[in-house]
Amino acid sequence: MIKEPAHLRPLPPPPLRAYLVALAMPVAIGLLTRAVQQSFAPTATPAFGVAVAVAALYGGWGPGLVATVLGLVGYLFFPGLLHGAAGVTRGIQYLIVSLTLTWMGGVAFRQRWLAVGRAEENARLRRRAEEAAARAEAATAASRAETDRAERLAAEAEDSARQVAATLRTLESAEQVRAGLLQSAARFGAIVASSTDAIVSKTLDGTILSWNPAAERIFGYTAAEMLGASIFRLIPEALHQSEREVLARLARGEHVEASEAERIRKDGRRIWIALSSSPVLDDGGRIVGAASIKRDVTQSRQAEERLRETERLRAIGQLAGGIAHEANNQMLVVLGSAHFLLKQPGLTDAARTDAQAIVQAAERTAGITQQLLAFGRRQALRLQDVAFDPVVAGFKPILVRTVTERHTLALELDASGAVARLDARQLEQILLNLTLNARDAMPEGGQVTIATRRVRQTPEDREYVRLVVSDTGTGMDPATLNRAFEPFFTTKDVGQGSGLGLSVVDGIVSQSGGFVQVSSAPGHGTTISLFFPVAPAAEAAEEPAVLVPDGQGRRVLLVEDEAQVCEVAARSLAEAGYVVHHAANGQAALELLRGLPRRVDLVLTDLGMPVMDGHALSRALSCEWPGLPVLFMSGYADTGEAVPLIQKPFNPDDLVRQVGALLDSAAAPAAVS
């Protein structure tokens, strides 16, 4: 059974590391806030809630509670924040938000690793079954082929023996006997010479006695080179002992059944052969040597390996989709809760800052789930015309925190206002991946340079925005450079790299209509150039501010099986003036619609649900209530042809705007009763 390398299996963080993170985060935030207060911002407040969220998402409930307690203790070092009624309110708000984050982070942590565990077990069982079936099928086919070949050879040998015996009985002179024997030998030699399999005879110590044309073709050596040479020339050194054991078995008169083994061609290339061996007897019945039949099965083995790799990547894509869906649901709850918190009257500046930090962290977490989807080319990019340089410049604070104090980060932005059609969030992901790789390639320090320029490429004569990320690190040799974009290939130590970073970059750039170029040499750093097509527009159009529409009492049926997601969506619509009904799946939604005394104006449904999913519900609605508007929502990347669609996680205001826009554009539906 092929065992998946340990560094490719996702594992939850060790408890010790998780609690160390829970201890370190509040301390680091407290020290950083103190330094900021003393340096240039006396009114800065510590964002201990971020420490709680990171600890809970990274390690679960326990580390989250530890970070909560340490954050509360940390407030004692900022006496002014807990002074008076406002301080008590701040402390209570901190406890409520921290405990909520701890609970949600623990749930996400637990569900994530339960899903990973189940996926690993399913993949392991499936691989074992497939491998067992493949081995059984290969063994059966090889055995059948060897049986047929042995029967043919036995029939030829029996026929030759009969002819030789007849010749001996009928011929009266030694010359006639000799002529018959030569004729039989010639016939047998013709059979050996015309065989498509290598037929080799050897002594019991491995010295080669015969070498047919098929052996020359398979191994690359001529008969002149191999006759009298040792069979061990073809065998990898690690397998020499195994071959000696086979020769010993042949010397005892045993037949070695068909098996597959690795061999070395004259050009040094490793190949796989299927072989079987039998002892050779002289006229007195003594074992004087061995004969073997060998067939090149390298291509079939490579095809099997490619098939297994394809299945593995498909399984990873499915797992990534499930993780993204669950994470997106949880981040929707976090974003919605923070949104409602920010709308509360009398919110202090410190609490508002904390809530905004929660929103930013949740949005960043939602972006991380796109990495594996980008690797599998499965995520839905939100392409729009974007001014390139402002996106790169706006992401600089994140990149600065990514490198260490031993590194410098330089930006040389000169895209001349060029606009490219791309997903701005995925562009940030590209910058983060490449900067992390550049940092790791410079363990002793160095410079990372990010540059942009508007260029024209031939022969297609098209304008591109070229994004260049270069470093002064160790560089790559040609062998490493050839495999740089290969999935799961990494030169980092076990546990320090997944091997997906550059593959993710390649996937995002390809989906955006661009391409990637890499140049590197040992000791001369690495330069990665990404080319994005320039959009026809001269500059990015600024989206006008859109007001949240009033629901005006219109009625919406919300179909969602996740209780927390349903609560956030229902509250968002209710606060905007809509009347909201709820059903947990498509079948329940149909029954509810049939029993309502008044019509609904729109159905908002999740795509993935038990009993009846969103696709089936939409088809049923179009049959019973033609013209009823349906808005889909999903946390999966693959949503088929579901439109219109709002992707999870979404901002409550975005949901209200899209519902209002869809209602305004739809014709007045017939009454639904």
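**Helix packing and a parallel sheet**

In this predicted model, Ala569, Ser572 and Leu573 of helix α17 are in contact with Pro652, Leu655, Val656 and Val659 of helix α20. Of the residues that form this contact between α17 and α20, six are nonpolar, one is polar and none is charged. The model also contains an open sheet of five strands with parallel pairing, and helix α18 lies across two strands, β13 and β14.

**Helices α17 and α20**

- Two packed helices are described by the angle between their axes and the distance between the axes.
- Helix α17 covers residues 563-575 and helix α20 covers residues 652-665; their axes come within 9 Å and cross at roughly 60 degrees.
- The two helices, α17 and α20, are therefore oblique to each other.
- The crossing in which α17 passes α20 is right-handed.

**The five-stranded sheet**

- The order of the strands in the open sheet is β14-β13-β15-β16-β17.
- The edges are formed by β14 (579-583) and β17 (645-647), each with a single partner strand, so one side of each has no neighbour in the sheet.
- On average, neighbouring strands of this sheet are turned by 20 degrees against each other, direction ignored.

**Strands β16 and β17**

- Strands of a sheet pair through backbone hydrogen bonds, either parallel or antiparallel.
- Strand β16, residues 630-634, pairs with β17 in the parallel sense over three bridges.
- Phe632 stands opposite Leu645 of β17.

**Helix α18 on the sheet strands**

- Helix α18 is made up of residues 586-595 and lies across β13 (555-559) and β14.
- The direction of α18 is at about 155 degrees to β13.

Conventions:
Residues are numbered from 1 along each chain as its sequence is written. This is a predicted model: local features need pLDDT of at least 70, side-chain atom pairs count only at pLDDT 80 or more; totals for chains, interfaces and linings use all residues. Side-chain values use heavy atoms; hydrogens and water are left out. Axes are lines fitted to C-alpha atoms, for helices over the stretch in contact, and angles run from 0 to 180 degrees between N-to-C directions. Helices (H or I, at least four residues) and strands (E, at least two) are DSSP runs, numbered from the N terminus. Angles under 35 degrees count as roughly parallel, over 145 as roughly antiparallel, 65 to 115 as roughly perpendicular and the rest as oblique. A crossing is left-handed if the near helix is turned anticlockwise from the far one by less than a right angle, and right-handed if clockwise. Contact means heavy atoms within 4.5 Å. Ala, Val, Leu, Ile, Met, Phe, Trp, Tyr, Cys and Pro count as nonpolar, Asp, Glu, Lys and Arg as charged, and the others, Gly among them, as polar. Two strands pair if DSSP finds at least two bridges between them.
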